[in-house]
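Me: I'd like to learn how to read a protein structure. Could you take me through one, feature by feature?

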Amino acid sequence: EQSRETISEHMFTSLASMVNNFVTQSEPLQSALVEARKGGKFDSDITADEISSYIKAISSKRTKQVIKRINKSRAMISDDEIDYQDNDSWEEMKSLINVLESFGCLRRSASEDEDTFVVSDAGKDVGTLNFENSLWGLVAMGGAWDIAGSSTDLDAYRSSLDNFFEENFAEESPPEYSGDDNDMLRDKAFRTSGDAEKKSQAEASDLISNLLELSPSEMAGYVSCLVADESRKSDISLMETFGKLSLAQRRALESASLAAERLLEVQTKYSVDESSSSCRLELGTCNVVTEWAAGCTWNEALEMSGAAPGDLVRVLQRGLDALRQFGNLPYHPIRATNGASIDECPGIHPEVRTLCRDAATQMDRYPIKDILSFPAEDNESNTLGDTSSFSPLDEV
């Protein structure tokens, strides 16, 4: 009885049930399933065992490739092995350069040397941040986006997905949407038309607008999602956790998820190593960090999180440290582009930076009080100007 209950609660069982709901309503998917099963006909549902076998097959293939690569390296003589490892490191470096160039953090200089780059303000921000994937940290704050159109394949996939659902589920009611109807129509328009760089700029503009709608405590919760450890198994579902967040936070996270998709697409395109390409967006700590920044007591935070005191301190300190890193980035005044193309990204928006500072100040109390303070900067009060003139591009 316990084994049956364990199987029924397994992730693969839930995934199989969800997939079967789609397959039974779509003849194209049924045909694809028959082909994947190597003939026959569609006469039975997809099982959890089939999903498990498929994942094991993929994992096994990847493992064999890694082992083959290691054995090949070991068979080489000493000098060749060193050359191979050096070449591998150089290939990884070139992959990172390609991604940073696509996201406006590096641009090629006008000199004759093709391998000479100029670091943009966004690139300096990435170099200052100390995250597992610092570029993702800046992208999630709207400071960088795909200016080179390297994520074109993602837009083609999104467009195909939209067309598939329109053709196969046109008569069904659309899912509930947390935003405005006009927002939904605009998002669909950007998914199905235009250049990848224009869509990326529009998404970054929306993300900045949504971030500026956050209160300091809501910003604290949002930033904690970027640096939190992977959530442990919980009785609360992801959708339930998402539903407990404020509307402003949900909109910001929806925008961030689009930015994450685009960055992951470009990182995959250029074969960036998985160890440096993670794009964290963990919701499990968002609520307790938000409430702590809003002024809840330590006991209330402990009860809300259900974590041990030491674990909660670590969660709050990690969120505070991330906010301080964003708040201590160099100040970049707003620059109007008047719709012109740009060859570099501007870095963190000054008002988003200020919001991070305010959030850090609200979080900074016992037992996680930080003795460091933000340095004052005279140029902040005079150079902000009219923020309405700024978006990653004025109008796309």
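Reply: Let's begin with the nonpolar core, a set of buried Ala, Val, Leu, Ile, Met, Phe, Trp, Tyr and Cys residues joined through side-chain atoms within 4.5 Å. Buried means under 20% relative accessible area, exposed is over 50%, and partly exposed is in between (1.4 Å probe, protein chains only). Keep in mind that this is a predicted model, where local features need pLDDT of at least 70, side-chain atom pairs count only at pLDDT 80 or more, and totals for chains, interfaces and linings use all residues. Residues are numbered from 1 along each chain as its sequence is written, and side-chain values use heavy atoms, with hydrogens and water left out.

Me: Which residues have the most contacts inside the largest nonpolar core?

Reply: The general idea is that in soluble globular proteins, nonpolar side chains tend to be buried together. Here the largest core holds 66 residues, and those with the most contacts inside it are Trp-136, Met-219, Tyr-222, Phe-326 and Met-363. Helix H13 (residues 247–269) gives the most to this core, with 8 residues. Helices (H or I, at least four residues) and strands (E, at least two) are DSSP runs, numbered from the N terminus. There is also a second, separate core of 6 residues, which includes Phe-12, Ala-16, Val-23 and Ile-51.

Me: What does Met-219 touch?

Reply: A contact means heavy atoms within 4.5 Å. Leaving out residues up to four places away in sequence, Met-219 touches Met-141, Leu-211, Leu-214, Leu-323, Val-352, Leu-355, Cys-356 and Ala-359.

Me: And how do I read the whole chain?

Reply: Start with the counts: the chain has 18 helices and 2 strands, and buried residues make up 37% of its 396 residues. Then look at contacts between residues at least 6 apart in sequence: 75% of them join residues at least 24 apart.

Me: Which residues of helix H14 are buried?

Reply: In H14 (residues 286–294), they are Cys-286, Val-288, Val-289, Thr-290, Trp-292 and Ala-293. The buried residues of H14 pack against helix H11 (216–227), H13, helix H15 (298–305), H16 and helix H17 (350–363). After H14 comes Gly-295, with a positive phi near 115°.

Me: How do I read aromatic pairs?

Reply: A pair of aromatic rings is described by the distance of the centres and the angle of the planes. Rings of Phe, Tyr and Trp (its six-membered ring) pair if their centres lie within 6.5 Å; planes under 30 degrees apart count as stacked, over 60 as edge-to-face and the rest as tilted. There are 2 such pairs here. Phe-131 and Phe-326 are edge-to-face, 5.4 Å centre to centre with 65° between the planes. Phe-131 sits in the loop between helix H6 (121–128) and helix H7 (134–139), Phe-326 in helix H16 (residues 309–327), and they are 195 residues apart. Trp-292 and Trp-298 also pair edge-to-face, at 5.9 Å centre to centre and 85° between the planes.

Me: Why does Trp-292 count as buried?

Reply: Trp-292 counts as buried because its relative accessibility is 0%. Trp-298, with a relative accessible area of 22%, is partly exposed.

Me: Where is Tyr-270, and what does it touch?

Reply: Tyr-270 lies in the loop between H13 and H14. Beyond residues up to four places away in sequence, Tyr-270 touches Ser-95, Asn-98, Val-99, Ser-102 and Ser-150. Tyr-270 and Asn-98 are 172 residues apart in sequence and 6.9 Å apart in space, C-alpha to C-alpha.
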